[in-house]
Amino acid sequence: MDKPYGYFFGGTMQLEVKTKDKIYPLILERGAIRHIKDYIQLNGEAFLISDTGVPKEYKEIILEQFPEAKLFEFKQGEASKNYRILESIHEAMLEAHLSRKDYVIALGGGVVGDISGFAAATYMRGIRYINIPTTSLAQIDSSIGGKTAIDMGKKKNCVGAFWQPDAVIVDVDTLKTLDKRQFHNGLAEAVKAGLIKDKELFSLFEKGKIEENIEEIIERSLRIKKEVVEKDEREQGERKLLNFGHSYGHAYESYYDFDQYLHGECVAMGMMTILKNEEIKERLKIVLEKLELPISCEADKGEIARLVMHDKKADHNTISIVQVDEIGKAHLEQWSMEEIRSHLG
Ligand SMILES: NC(=O)c1ccc[n+]([C@@H]2O[C@H](COP(=O)([O-])OP(=O)(O)OC[C@H]3O[C@@H](n4cnc5c(N)ncnc54)[C@H](O)[C@@H]3O)[C@@H](O)[C@H]2O)c1
Ligand SMILES: [Zn+2]
């Protein structure tokens with residue numbers, strides 16, 4: 001049975017993520033990357049994938065535990081989430097004679113997680129992989145859920161697969177080396193999770209210091225993601241709620257050519273744009289400012305409305321929009337192009 005909140009402090013929290021094909025452990029523990037073998041029984045070879053921005057120290061910690069493991073490293077950044085790098089990963093896996101009993105270990109942010117997961121999903125029709133997320137965004141939002149993908153130019157995540165990991169190990173200590181902008185970027189997703197599902201989580205951002213509450217913030221965010229993913233693995237219903245702030249958020253990302261703002265920053269602006277309830281909006285604004293996240297931008301409204309309708313989640317002439325009724329409670333609405341446009345004012 002899942003342990004109650006607070007068990008995590010000073011210890012280990014272990015949850016089981018139950019998906020259609022697989023049940024896998026999700027471990028949260030400071031320092032967990034130092035003793036992975038206590039949590040997972042590897043009965044094959046390990047193949048470690050990381051990028052150049054992940055501190056060397058973490059790669060060494062993993063390699064010390066798996067001396068036989070090969071390390072594949074690629075240049076940090078979203079631009080690496082492409083076919084070319086995927087092909088080099090597959091070639092290196094083949095060279096290392098990796099077979100279905102072996103494991104891919106992904107160590108890094110969402111870019112490493114997405115491409116490694118997809119490489120594992122497609123190599124020999126799918127091999128096992130262990131995800132060790134090291135950014136706040138990856139720990140909060142992309143480590144569980146089974147979405148893996150690469151980009152095609154500016155078309156984000158358009159080639160991918162649902163492929164569940166065999167274990168996810170979240171070590172909050174790895175966030176110490178992350179720069180402040182990246183750290184806050186990931187927290188936008190936790191603010192979102194609080195708004196749609198957990199008022200206690202949202203209030204952690206309103207009171208006290210973020211760093212002091214970071215374990216509980218991550219724990220609560222992961223519990224929400226786990227609960228939603230278990231109910232709706234393929235995003236048919238409930239999982240769509242996690243897209244709160246993302247319709248406009250994705251539009252802002254495209255408008256600025258994925259250059260000026262990070263994903264969480266666009267989600268922050270997207271949440272501010274979509275929220276109708278003025279009282280919640282005021283509370284959200286205070287939280288986002290505390291996290292030094294942007295709350296608005298000068299993007300052209302007509303162009304944003306057009307981009308919202310072109311988002312991949314647009315269905316015929318309407319689009320699913322998430323609204324928050326009260327903090328911790330949200331619902332889905334269908335909006336037309338006219339509503340999208342007039343909402344922008
Ligand atoms: N699969 C999913 O469900 C899902 C969900 C959300 C986002 N994503 C994807 O995640 C990606 C974004 O992830 P991200 O924000 O983690 O970006 P990222 O992976 O590019 O990481 C940001 C930067 O931090 C560096 N880094 C990683 N860990 C570090 C550490 N501990 N200390 C210092 N530097 C570190 C990386 O090298 C990189 O330069 C996008 O491609 C997005 O599409 C996937
Ligand atoms: Zn997101």
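The model is a predicted one.

Start at the zinc ion, ligand 2. Three residues hold out donor atoms to the zinc ion: E189 through OE, H246 through NE2 and H263 through NE2. These donors lie 1.9 to 2.1 Å from the metal. Along the chain, they follow the spacing E-x56-H-x16-H. H246 belongs to helix α8, residues 246–255, while H263 belongs to helix α9, so the pair ties together parts that are 17 residues apart in sequence.

Is H246 buried or exposed? Its relative accessible area is 7%, and the cut-off for buried is under 20%, so H246 is buried. H263 has a relative accessibility of 22%, so this residue counts as partly exposed.

Next comes empty space. Rolling a probe the size of a water molecule over the atoms shows where such space is left.

Helix α9 turns up again in the second largest pocket. This pocket has a volume of about 240 Å³. Its lining is made of 13 residues, and those closest to the centre are Y252, T273, S296, C297 and K301. Which helix gives the largest share of this lining? The answer is α9, with three residues. Helices α9 (263–274), α11 (301–310) and α12 (337–344) each supply at least two residues. By type, the lining has eight nonpolar, three polar and two charged residues.

Now turn to the cavities. The structure holds three cavities of 30 Å³ or more.

The largest cavity contains about 60 Å³ of space. Among the residues that line the largest cavity are G110, D114, Y129, K147 and W163. Helix α3 (110–122) and strands β6 (128–133) and β7 (147–152) each supply at least two lining residues. Of the contributors, α3 gives the most, with three residues. The lining of the largest cavity divides into three nonpolar, seven polar and two charged residues.

The second largest cavity contains about 50 Å³ of space. Its lining includes I140, D141, K192, S221 and L242. E189 is also part of this lining, and E189 is one of the zinc donors too. How many of the lining residues are charged? Four are charged, alongside four nonpolar and one polar.

Note on methods. Residues are numbered from 1 along each chain as its sequence is written. Chains are lettered from A and ligands numbered from 1 in the order in which they are written. This is a predicted model: local features need pLDDT of at least 70, side-chain atom pairs count only at pLDDT 80 or more; totals for chains, interfaces and linings use all residues. Side-chain values use heavy atoms; hydrogens and water are left out. On a 1 Å grid over the protein atoms alone, a cavity is a set of points where a 1.4 Å probe fits but cannot get out, and a pocket is an open set with protein on both sides within 12 Å along at least five of seven lines; lining residues have an atom within 4 Å of a point. Grid points are joined across faces, edges and corners, and a volume is the space filled by probe spheres set on the points. Helices (H or I, at least four residues) and strands (E, at least two) are DSSP runs, numbered from the N terminus. Ala, Val, Leu, Ile, Met, Phe, Trp, Tyr, Cys and Pro count as nonpolar, Asp, Glu, Lys and Arg as charged, and the others, Gly among them, as polar. Donors are N, O and S atoms within 2.8 Å of the metal (3.2 Å for Na, K and Ca); water is not among the atoms, so sites may look incomplete. Buried means under 20% relative accessible area, exposed over 50%, partly exposed in between (1.4 Å probe, protein chains only).
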